[in-house]
Amino acid sequence: SYDGGGTPASLDAIQKESNNAWSEAELGILGAIDKIGIAATSLIWGRVLQRCNAKLLLAGGLLVNAAAAFLFGSLRNKILIYCTKLFLGATQSLQGVWATVWVVTMAPPEFLTMWLGLVGFAAGLGNGIGTAIAGFTTANGLPYSFAFQLQAGVLGAFWVMLILMPPRWFRTSLSGVRDDGTKAEESDESAKIPRTKAQLSLLIKNDVYVNTALQISLIMFQMSGIQFLWVRFFVSTWNLNKSWVTTMFLVVSGIGGGIGIAVGPAYIDRMGGYQSAGAMAKSIQALEVFNFVAFLSAIVGIFCVAFRVSLNDGSTANAWEDWGDVWLWLLWVSIGMLQVAHSASNAALCGINIQVVPENMRTVASGAEMTVRNVLGYAFGPLLPALFMSLVGWNWSWHSPTPAQSIKLYCCGMGFILAINCCGIFNMRKATWAATREARIRQSLAMNQLQEAFQSQRRELLSKALDNAKAEQLQSVNGGPAVIAAAAGFLASGGSQETETSFAAGAGNVQVALSDAMPKTELRNRIRELEQKVHRQQQ
């Protein structure tokens, strides 16, 4: 993520050193092409990780990544620069796919969201360091190549450290090694893993997976798009110093992202996480609220941009001189709140996106999600605003925009980025519907299991049914608390002379609750649908 921050902060220096040889569309492609490389290779790496040694793949990828970073800073030909940026993305996708699955596999369940949040924090930290080094060095006269050659040197040191680490530190349960450290037989492992086409077909039919992937993409679109325009937008629109603008990017994104990561994952874990369908539905509803806060913040930001460009096109001094004006600071606050809401959501969205998939499909699922994230998020973040600005300039016949016209184009680009937040409302609503429907099916099955346990009059079955009912949060449905209390009370009594009567009464309570919660015909249809889904996943 270092070069993801360093590239946008270097765009003005790249343009200056090339004597303005880059168009807005070409700069947009430059900001997006590494993400295209990630998207093109993520699914491939996901499948390869199911078959090959993880350490060997990571070592080779990191070495190529370091070489590509060095060449990106050293070359000046556009085609070669594009190629090196593409290789940067192609090797980074391997690291991203492996890291997500490793965390979901190795993290304690009660801290899973927090671990994923720390991964997001590390990525944000790298992005911020790249922005700071590239922004401050180019602002003080150094060539943009310095930041990327420095990156190559650090990556080389990390490669040496990786080589010295034992291979078992990099294993996941899906990389051909069992949890006890012994190598799995090829035939056993192959039998457990469906074909890639079958895995993708199941993923597309999973509404929770699809909509959480789209929401993750939206968050990345916002982050990469805002970062792509940040320096040029604020420097030109408010006539600010580049070092000051770079500092404020680090402050706004750092504080906003830090608060979101500190609050969001811990809150979701305290709510129960997403290990069961009921808990997952509850967590997604909380994430829907976070998204609405982001949407409101984006609306405020759009108004700030609109008022600024309508009142001052950059030809007059700021009301607060070097400190800008009220619209500048209100826009920074709104973007900060946007960062808080999105950062609070991202870790849980990533966890739900993988948790909802069967374990033997998770590397491919992670690769597919990363493909979608990098196309719709990271790649489209800089590319679509740049194309939108070029379209607006073409429509208004601004072939060689004046400074005032450039400001209006930058405002259009920033407004376009913020307006895309409205898509999150649809993503999260559909995810909530899908998760709630799945939770309702599983809770009805848990109620039915309790009924059968009471009718069988076997204490061990009743104990298992009770544990399953609690895991699926059966207490949140009509009649659920009474049934759970009856089952728990009977098990706690240790049995009595009225055992048969107690079982009969319990079965009656379950039957009443079951009929109140869902008609029998609908329940049978739901059970049949769930059984078909499980059967397809096992094939």
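Thr371 touches Ala39, Ser42 and Leu43, leaving out residues up to four places away in sequence; a touch or contact here means heavy atoms within 4.5 Å. Keep in mind that this is a predicted model, where local features need pLDDT of at least 70, side-chain atom pairs count only at pLDDT 80 or more, and totals for chains, interfaces and linings use all residues. Numbering runs from 1 along each chain as its sequence is written, and side-chain values use heavy atoms, with hydrogens and water left out.

- Thr371 sits in helix H13; helices (H or I, at least four residues) are DSSP runs numbered from the N terminus.
- Thr371 and Ile36 are 335 residues apart along the chain, yet their C-alpha atoms are separated by 8.4 Å.
- Ser366 is also part of H13, which covers residues 362-395.
- Ser366 has a relative accessible area of 0%, so it is buried (buried means under 20% relative accessible area, exposed over 50%, partly exposed in between, with a 1.4 Å probe and protein chains only).
- Setting aside neighbours within four places in sequence, Ser366 contacts Val97, Thr100, Val101 and Ile354.

**Ile354 in helix H12**

- Ile354 belongs to helix H12, residues 326-355, and counts as buried because its relative accessibility is 2%.
- Beyond residues up to four places away in sequence, Ile354 touches Thr100, Val104, Arg362, Ala365 and Ser366.
- With Thr100, Ile354 spans 254 residues along the chain, and the two C-alpha atoms are 8.5 Å apart.

**H4 against H5**

- Helix H4 (residues 78-106) packs on helix H5 (residues 112-139) at an angle of about 155°, with the axes 9 Å apart; axes are lines fitted to C-alpha atoms, for helices over the stretch in contact, and angles run from 0 to 180 degrees between N-to-C directions.
- H4 and H5 are therefore roughly antiparallel (under 35 degrees counts as roughly parallel, over 145 as roughly antiparallel, 65 to 115 as roughly perpendicular, the rest as oblique).
- Trp102, Val103, Val104 and Met106 of H4 meet Leu112, Trp115, Leu116 and Val119 of H5.
- By class, that contact has eight nonpolar, no polar and no charged residues (Ala, Val, Leu, Ile, Met, Phe, Trp, Tyr, Cys and Pro count as nonpolar, Asp, Glu, Lys and Arg as charged, and the others, Gly among them, as polar).

**H9 against H10**

- Helices H9 (residues 207-237) and H10 (residues 242-270) pack at about 140°, with axes 9 Å apart.
- That angle makes H9 oblique to H10.
- The crossing of H9 and H10 is right-handed.
- On the H9 side, Gln227, Trp230, Val231, Phe234 and Val235 meet Lys242, Val245, Thr246, Met248, Phe249 and Val252 of H10.
- The H9 and H10 contact comes to eight nonpolar, two polar and one charged residues.

**Aromatic rings**

- The count is 19 aromatic pairs, where rings of Phe, Tyr and Trp (its six-membered ring) pair if their centres lie within 6.5 Å, and planes under 30 degrees apart count as stacked, over 60 as edge-to-face and the rest as tilted.
- Phe234 and Trp332 have ring centres 5.6 Å apart and planes at 55°, so this pair is tilted.
- The pair links distant parts of the chain, with Phe234 in helix H9 and Trp332 in helix H12, 98 residues apart.
- Both Phe234 and Trp332 are buried.
- One aromatic cluster is formed by Trp230, Phe233, Phe234, Trp238, Trp244, Phe249, Trp329 and Trp332.

Methods:
Helices (H or I, at least four residues) and strands (E, at least two) are DSSP runs, numbered from the N terminus. A crossing is left-handed if the near helix is turned anticlockwise from the far one by less than a right angle, and right-handed if clockwise.
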